[in-house]
Amino acid sequence: MADLYGQYLRIKGEIDEAIQEVIRSSVFIKGGKVVDFEQNLGEYLQTSVVACGNGTDALQIAFMALGLQPGDEVITTPFTFVATVEVLALLGLKPVFVDVCPDHFNIDVSRIEAAITDRTRAILPVHLYGQNADMETLLGIARRHNLTVVEDAAQSIGADYLFTDGKIQKSGTLGRIGCTSFFPSKTLGAFGDGGALFTADPALAAKIRSIANHGMKVRYYYESVGMNSRLDSLQAAILDVKLKYLDRFIRARQQAAAWYDEHLADIGELSLPVRVPYSTHTFHQYTIRTEKRDELKEYLQRRGIPTMVYYPRAIHLQEAYLGLGYREGDFPVSERLTDTVLSLPMHTELTEEQLDYIVNAVKGFFTKGH
Ligand SMILES: *Cc1c(COP(=O)(O)O)cnc(C)c1O
């Protein structure tokens, strides 16, 4: 699914040197490399960045920083990685689900207003698989109803949002807070865990920084109940090297996606990922849909081709979240997607030979029967 070692070999010299530098300095927590990386990522995104321990923490810290109260409602989708919803549950907030669109997998903005109540405080869009949700519409709804927007940009770092007036902004910088993950297989991945929050508001950035550091104001004096969530200097050093290559990495993913598009175009039983007009697609995942998902997965597996199902069950039907009171049938689009989506191998090191092998296997499945 990913070739992290192959990617490392390409930039080994720089990565090894960055790691050695951290070891030589022996500043392993906070300090130089973390500050540099926050600065450089902030320049890339044109916002302020606070690094933290992982993407899940980033989401939790975001909602802690906003000061939401137990029982406050947050609108999000059930077709996401569990962390999006988990942090809400941990903080006593109430996740309120809105279904996604069948073609682009992101929140169906036409259904948001119907889900708003007088307890709604925030909307949490997830930019799934590397493509932005319809943020222009979503931000308009948030403005009209006085709601805060927190973006789950764990899969969409580097994606551009294209506003109708021509303005372009990076994914994760459109809401009040954006959250991302540097989990190794993410588009900008560390060699371990990492995450970050983005915000354009300096006071909020300071609050986020304090919460991520035990709620500390000045050393050993605490202004709020916080967490211990930090990016370590080794990960920051590695990420700082990889950040320079991020746009190239994204282009490599887009080229692989274009190859898949071209060679899988005319298979009737297969739907390819749809590109929306308001976002670039960074292809964290290249996700196809077919009624024969499980058979195709099995067929490819036998030919040595790994595939993944992101995600096999919607959150509202997960055992841990049945207490929210939703039932099967409540979010039919999400539920159908969990039965039909399949993500093909997608990374920066895919060769034409590998892509050829994969598309031929997929074509073989649909033409030869099985
Ligand atoms: C990966 C991911 C997260 C969590 O990130 P971690 O760094 O693994 O904690 C949250 N939301 C989405 C959509 C993700 O893909």
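Reply: Before we look at linings, a word on classes: Ala, Val, Leu, Ile, Met, Phe, Trp, Tyr, Cys and Pro count as nonpolar, Asp, Glu, Lys and Arg as charged, and the others, Gly among them, as polar. The structure above is a predicted model, in which local features need pLDDT of at least 70 and side-chain atom pairs count only at pLDDT 80 or more, whereas totals for chains, interfaces and linings use all residues. Residues are numbered from 1 along each chain as its sequence is written, and side-chain values use heavy atoms, with hydrogens and water left out.

Me: How much space lies in the largest pocket, and which residues are the closest to its centre?

Reply: A pocket is an open set of points on a 1 Å grid, where a 1.4 Å probe fits and protein lies on both sides within 12 Å along at least five of seven lines; a cavity is a set from which the probe cannot get out, and lining residues have an atom within 4 Å of a point. Here the largest pocket holds about 480 Å³ of space, and F81, Q155, F183, K186 and Y311 are the closest to its centre among the 27 residues that line this pocket. Two or more lining residues come from each of helix 4 and helix 5, and helix 4 gives the largest share, three residues. Sorted by class, the lining has 12 nonpolar, 12 polar and three charged residues.

Me: What does the largest cavity have in its lining, by class?

Reply: Its lining divides into three nonpolar, six polar and four charged residues. In all, 13 residues line this cavity, and L4, Q7, K186, R253 and H347 lie nearest its centre. The space in the largest cavity comes to about 80 Å³, and the structure holds two cavities of 30 Å³ or more.

Me: At what angle do helix 4 and helix 5 pack, and which residues meet?

Reply: Two packed helices are described by the angle between their axes and the distance between the axes. Helices (DSSP runs of H or I, at least four residues) and strands (E, at least two) are numbered from the N terminus. Helix 4 (residues 55-65) packs against helix 5 (residues 83-90) at about 40°, and their axes are 9 Å apart. From helix 4, T56, L59, Q60 and F63 meet A83, T84, E86, V87, L88 and L90 of helix 5, contact being heavy atoms within 4.5 Å. Six nonpolar, three polar and one charged residue make up this contact.

Me: How far apart are the axes of helix 11 and helix 13?

Reply: The axes of helix 11 and helix 13 (residues 352-368) are 10 Å apart, at an angle of about 125°. E295, L296, Y299 and L300 in helix 11 meet A361, V362, G364, F365, F366 and K368 in helix 13. That contact has seven nonpolar, one polar and two charged residues.

Me: Which residues does a cis peptide bond join, and where does N146 lie?

Reply: Most residues other than glycine have a negative phi, and most peptide bonds are trans. In this model Y310 and Y311 are joined by a cis peptide bond, with omega about 10°, and Y311 belongs to the loop between helix 11 (293-302) and helix 12 (332-340). N146, in the loop between helix 7 (135-145) and strand 5 (148-152), has a positive phi near 60° although this residue is not a glycine.

How values were computed:
Axes are lines fitted to C-alpha atoms, for helices over the stretch in contact, and angles run from 0 to 180 degrees between N-to-C directions. Grid points are joined across faces, edges and corners, and a volume is the space filled by probe spheres set on the points.
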